[in-house]
Amino acid sequence: MNVVGVRFRKAGKIYYFDAGNENYKCKQSLVVETENGLEIGEVALINLDIDEEKFNKKLKTVVRIADEEDLKRKILNNIEAKEALEVCQSLADSYKLNMKLVDSYYTLDKNKLVFFFTSDKRVDFRELVKDLAQRFRSRIELRQIGVRDHAKLIQHFGTCGQQCCCSRHLTDFVPLSIKYAKDQNISLDPAKISGVCGRLMCCLSFEEDNYMYMKKIMPKCGQKVNTEESCGVVLRNDYVKEECRVRIKSDDEENIEKIFKLSEINLEM
């Protein structure tokens, strides 16, 4: 089956559609039918020859290539969705609901209006949905999202000066642990290792595998090793530079500390 991968938001999850006999191009805009209705997405993966049995249900087919009229309609829908966001927040405040509206969008056919919000607890918004449906004459969906999803939507900049990884290229969030910071010998100060969402920075997981590999092949602190000069004891490791600080004895039998490359050290005593 000829499958095409479509993304509806930057760094968003990729959804698969049956491309039929058509060959689409990357970054091409397509109109596809989703569970919410007609939507415009951007081609992220092309010409995927996949066994149909790998999917739990039959894939929907691509409706058409988005034309100029479709793209104009999407722009207008986005403008109206932003206006609807302000109305929704005002109504939520009038109902004294503890919720902060962060984003919204219309499907291409305006059959459905979706709102994203954050809240510290579960919110009973049934009456709010009734008011919104009556006002906008569309199906209404309110989705509660977490702080990491919120950061992804608003596209903040991290302490590195670049746009946050979650909104730039990450499609899924992975579980994070303070163990990553310990493995990488970096500060455990929450202010220094937390992202704009208040959770541990996603980039902590990027090099974790490399650090764990280096920990396996490099000597442990306190281990005796042979160097090109004499035998000594490892004091500290630099996993990035692949270097060890070793205490050895000089020619006059004094203890000195020197840095050796991993290749200059013999672990067999």
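This is a predicted model: local features need pLDDT of at least 70, side-chain atom pairs count only at pLDDT 80 or more; totals for chains, interfaces and linings use all residues.
For the class counts given below, Ala, Val, Leu, Ile, Met, Phe, Trp, Tyr, Cys and Pro are taken as nonpolar, Asp, Glu, Lys and Arg as charged, and the others, Gly among them, as polar.

The largest pocket has a volume of about 1600 Å³. It is lined by 45 residues, of which Phe8, Lys13, Tyr15, Glu39 and Tyr105 are the closest to its centre. Two or more lining residues are given by each of strand 2 (14-18), strand 4 (38-49), helix 1 (68-94), strand 6 (100-106), strand 7 (112-118), strand 8 (139-144) and helix 3 (147-154). By class, the lining of this pocket comprises 18 charged, 16 nonpolar and 11 polar residues.

The second largest pocket holds about 350 Å³ of space. Of the 20 residues that line this pocket, those closest to the centre are Cys164, Cys165, Met201, Cys202 and Cys203. The elements giving two or more residues to the lining are helix 3 and helix 4 (165-168). Helix 4 provides the largest share, 3 residues. The lining of the second largest pocket has 12 nonpolar, 6 polar and 2 charged residues.

Strands of a sheet pair through backbone hydrogen bonds, either parallel or antiparallel.

Within this sheet, strand 10 (residues 231-238) and strand 11 (residues 243-249) pair in the antiparallel sense over 6 bridges. The two strands form a hairpin with 4 residues between them, and glutamate 242, in the turn, has a positive phi of about 60 degrees. Across this pairing, arginine 236 stands opposite arginine 245 of strand 11, while asparagine 237 has cysteine 244 of strand 11 as its bridge partner. In a regular strand the side chains alternate between the two faces of the sheet.

Strand 11 is also paired with strand 12 (residues 255-261), in the antiparallel sense and over 7 bridges. Here arginine 247 is placed opposite glutamate 257 of strand 12.

Note on methods:
Residues are numbered from 1 along each chain as its sequence is written. Side-chain values use heavy atoms; hydrogens and water are left out. On a 1 Å grid over the protein atoms alone, a cavity is a set of points where a 1.4 Å probe fits but cannot get out, and a pocket is an open set with protein on both sides within 12 Å along at least five of seven lines; lining residues have an atom within 4 Å of a point. Grid points are joined across faces, edges and corners, and a volume is the space filled by probe spheres set on the points. Two strands pair if DSSP finds at least two bridges between them.
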